[in-house]
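Reader: I have a protein model open and I am new to this. Can we go through how to read one?

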Amino acid sequence: AIALFLEQHPSVSKVLYPGLPSHPQHELAKHQQHGFGAMITFYCVGKRENSAVFLQNLKVFALAESLGAVESLAECPSLMTHASVPDDQRALLGIDDTLIRLSVGVESCKDLIDDVDCALKASQNV
């Protein structure tokens with residue numbers, strides 16, 4: 001539900017989640033996996049500042065550099081895990097300043113979608 005919400009949001013330019021038919025390996029994932037997992041990657045519209053404002057405005061998702069826990073977590077690699085990697089090397093790795101990674105936990109899906117929606121709206125007011 002969160003990946004579908006993100007895919008339709010005007011402040012999101014791209015969503016990477018194997019559970020979405022738009023994912024290039026969706027068919028393969030359907031055959032190889034039981035479920036599609038809780039990791040969602042997306043690109044917000046804008047620049048690094050927009051990503052930072054998005055993260056600052058999350059209330060339910062916690063910020064974390066290591067994803068995968070019971071609680072929902074978020075990170076922006078260019079600001080966190082890969083901040084020390086030069087811009088040109090990050091570009092080669094496909095890590096752009098607007099890339100956001102979410103690890104969806106056990107909280108209410110509605111609460112998580114509302115949280116992401118509010119943070120995305122705030123990110124576009126930079």
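Reader: Let me start with one residue. Leaving aside its neighbours within four places in sequence, which residues is leucine 6 in contact with?

Author: Remember that this is a predicted model. Leucine 6 is in contact with Val12, Val15, Ile40, Phe42, Leu102, Val116 and Leu120, once neighbours within four places in sequence are set aside.

Reader: How do I read such a list?

Author: Start with the general idea. In soluble globular proteins, nonpolar side chains tend to be buried together. Now the case here. The largest nonpolar core has 24 residues. Leu6, Val15, Phe42, Phe54 and Leu102 have the most contacts inside this core.

Reader: Which elements give two or more residues to this core?

Author: From the helices, there are helix 1 (2-8), helix 3 (48-56) and helix 5 (109-123). From the strands, there are strand 1 (12-16), strand 2 (39-44) and strand 5 (99-103). Helix 5 gives the most, with five residues.

Reader: Let me step back. How many helices and strands does the protein have?

Author: Five helices and five strands. Read their order from the N terminus: α-β-α-β-α-β-β-α-β-α.

Reader: What is the radius of gyration of the protein, and what would a compact globule have?

Author: The idea is to compare the model with a rule for its length. For 126 residues, a compact globule would have a radius of gyration near 14 Å. The protein has 14 Å, so the two agree. The C-alpha trace spans about 40 × 35 × 30 Å along its principal axes.

Reader: What share of the residues counts as buried?

Author: 40% of the 126 residues. The accessible surface comes to about 6900 Å². Carbon and sulfur atoms hold 54% of that surface.

Reader: What share of contacts joins residues 24 or more positions apart?

Author: Take the contacts with a separation of 6 or more. Residues 24 or more positions apart account for 67% of them.

Reader: Now a helix. Which residues of helix 3 are buried?

Author: General idea: an α-helix has 3.6 residues a turn, so residues three or four places apart point the same way. In helix 3, the buried residues are Asn50, Ser51, Val53, Phe54 and Leu55. They pack against strand 2, strand 3 (62-63), strand 4 (73-75), strand 5 and helix 5.

Reader: Next, a strand residue. Is threonine 41 buried or exposed?

Author: Check the cut-off: buried means under 20% relative accessible area. Threonine 41 is at 16%, so this residue counts as buried. Threonine 41 lies in strand 2. Beyond its neighbours within four places in sequence, threonine 41 is in contact with Lys14, Val15, Leu16, Leu99, Ile100 and Arg101.

Reader: And glutamate 75: buried or exposed?

Author: Glutamate 75 has 1% relative accessibility, so glutamate 75 counts as buried. Glutamate 75 sits in strand 4. Not counting residues up to four places away in sequence, its contacts include Leu55, Met80, Leu99 and Arg101.

Reader: Where is glycine 94 found?

Author: In the loop between helix 4 (87-92) and strand 5. Its relative accessible area is 34%, so glycine 94 is partly exposed. Glycine 94 touches Tyr43 and Leu99, not counting residues up to four places away in sequence. The C-alpha atoms of glycine 94 and glutamine 8 are separated by 22 Å. Along the chain, these residues are 86 residues apart.

Reader: Last one. How far apart are the mean positions of the positive and negative charges?

Author: 3 Å apart, for 9 positive and 15 negative charges.

Terms used: Residues numbered from 1 in each chain as written. Predicted model: local features only at pLDDT ≥ 70, side-chain atom pairs only at ≥ 80, totals over all residues. Heavy atoms only, no water. Helix = DSSP H or I, 4+ residues; strand = E, 2+ residues; numbered from the N terminus. Rg over C-alpha atoms; globule rule 2.2 N^0.38 Å. Buried < 20%, exposed > 50% of the residue type's maximum accessible area, 1.4 Å probe, protein only. Contact = heavy atoms within 4.5 Å. Areas by Shrake-Rupley, 256 points an atom, 1.4 Å probe, with all protein chains shown as cover. Lys, Arg positive; Asp, Glu negative; His and termini not counted. Charge placed at Lys NZ, Arg CZ, Asp CG, Glu CD. Core = buried A, V, L, I, M, F, W, Y, C linked by side-chain atoms within 4.5 Å.
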